[in-house]
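Here is a short tour of one model, meant to be read with the structure open beside you.

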Amino acid sequence: MQPRNMSMSGVVDLAAVKAAGEAKVKAEQARAEAARQGGGAVPPSSLVIDVDEAGFERDVLQRSVEVPVVIDFWAEWCEPCKQLGPLLERLAHEYNGRFVLAKVDVDANQMLMQQFGIQGIPAVFAVVAGQALPLFQGAAPETQIRQTLDQLIQVGEERFGLTGITVNQEAAGPEDAGQAPAEVPAGPYDALLEAAVRALDANDFGGAVQAYKNVLVDDPANTEAKLGLAQAELLGRVQDMDPQQVRNDAAEKPTDVAAQIAAADLDLVGGHVEDAFGRLVETVRRNFGEDRDVARLRLLELFEVIGPDDPRVVAARTALARVLF
């Protein structure tokens, strides 16, 4: 899985998911059993659950034959997690049983983190009919998250017969207070951010860059726009590259700053995050003056694409500091 999806268009690739027929049978059996036990309706509190290693098979794997389970890997110290987590919880209640959100604290569940190959958080996976699927990593715009969830739910229904679970709002207890989905007013930049997402999906990276910049003019601290701008600029730079030529130039000209920067961009888009960072740290080490600063600034831009809390960014910042000082 790449460290952060550059665009969520088509990110839910379920073509490799096997045994659709068997999963449909299991889903039908699960619904029949739930109906036999009293209709199967659950309170709203069942839509968002905390999951640990001991209960993972019961709470996630078994439940996934009835409803898609979205897993949010998070930690208390992770700032982007504090933005993404509440958003996913709100969407779980808004979707009203079309998926269940399982929250996994990675500090307390290191084995699950290793089994899923988590390299940075927040990271979001789904489990459908027992199959684990990577969705995205890092804080993502709400519009893109909704697109991903819609794709997930659609495929769950069409391939596996997963129609979700019934939520009984009348069975809400004290723990459900405040959980009912509320109307959220549109933010002042929602139209611009949605325009940027549409431009990304259309490979109009210049248009996306301009849309994100328009947001940042009035709101320089807008996290979504800063992330989107970094991604759009990166994709725009590599769009017309000849990968083989870029690789050859980088190998033949180890001291050429432009060649190394181009190769680092390709590394990152290809998911080779450590390679991209290591290449630019080494370029900074080898050069001085303006060339060194150009390489350093590009490295900082690539940090923005991945996110400041990613362990690979933290390690690369430390390596960069050693070279500079």
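A residue is called buried when its relative accessible area is under 20%, exposed when it is over 50%, and partly exposed in between, using a 1.4 Å probe and protein chains only. This is a predicted model, in which local features need pLDDT of at least 70 and side-chain atom pairs count only at pLDDT 80 or more, while totals for chains, interfaces and linings use all residues. Residues are numbered from 1 along each chain as its sequence is written, and side-chain values use heavy atoms, with hydrogens and water left out.

**The cysteine link**

Let us start with C78 and C81, both of which are buried. They form a disulfide with sulfur atoms 2.4 Å apart; the rule asks for a pair of cysteine sulfur atoms within 2.5 Å. The count by this rule is one disulfide. The link of C78 and C81 is right-handed, with 85° about the S-S bond.

**The sheet**

Helices (H or I, at least four residues) and strands (E, at least two) are DSSP runs, numbered from the N terminus. Two strands pair if DSSP finds at least two bridges between them. In general, strands of a sheet pair through backbone hydrogen bonds, either parallel or antiparallel.

Here, five strands make an open sheet in the order 1-3-2-4-5, with mixed pairing. Strand 1 (48-50) and strand 5 (131-137) are at the edges with a single partner strand each, so one side of each has no neighbour in the sheet. From one strand to the next, the twist averages 25°.

| Strands | Bridges | Direction |
|---|---|---|
| Strand 1 and strand 3 | Three bridges | Parallel |
| Strand 2 (residues 69-74) and strand 3 | Six bridges | Parallel |
| Strand 4 (residues 123-128) and strand 5 | Six bridges | Antiparallel |

To find these pairings on screen, look for V48, whose bridge partner in strand 3 is L101. W74 stands opposite D105 in strand 3, and F125 stands opposite P134 in strand 5. Strand 3 (residues 100-105) is largely enclosed by the rest of the structure, because five of its six residues are buried.

**The helix pair**

How do helix 10 and helix 12 pack, and at what angle? Helix 10 (residues 257-269) and helix 12 (residues 289-306) meet at about 10°, their axes 10 Å apart. That makes helix 10 roughly parallel to helix 12, a label for angles under 35 degrees. Axes are lines fitted to C-alpha atoms, for helices over the stretch in contact, and angles run from 0 to 180 degrees between N-to-C directions.

Definitions and conventions
Angles under 35 degrees count as roughly parallel, over 145 as roughly antiparallel, 65 to 115 as roughly perpendicular and the rest as oblique.
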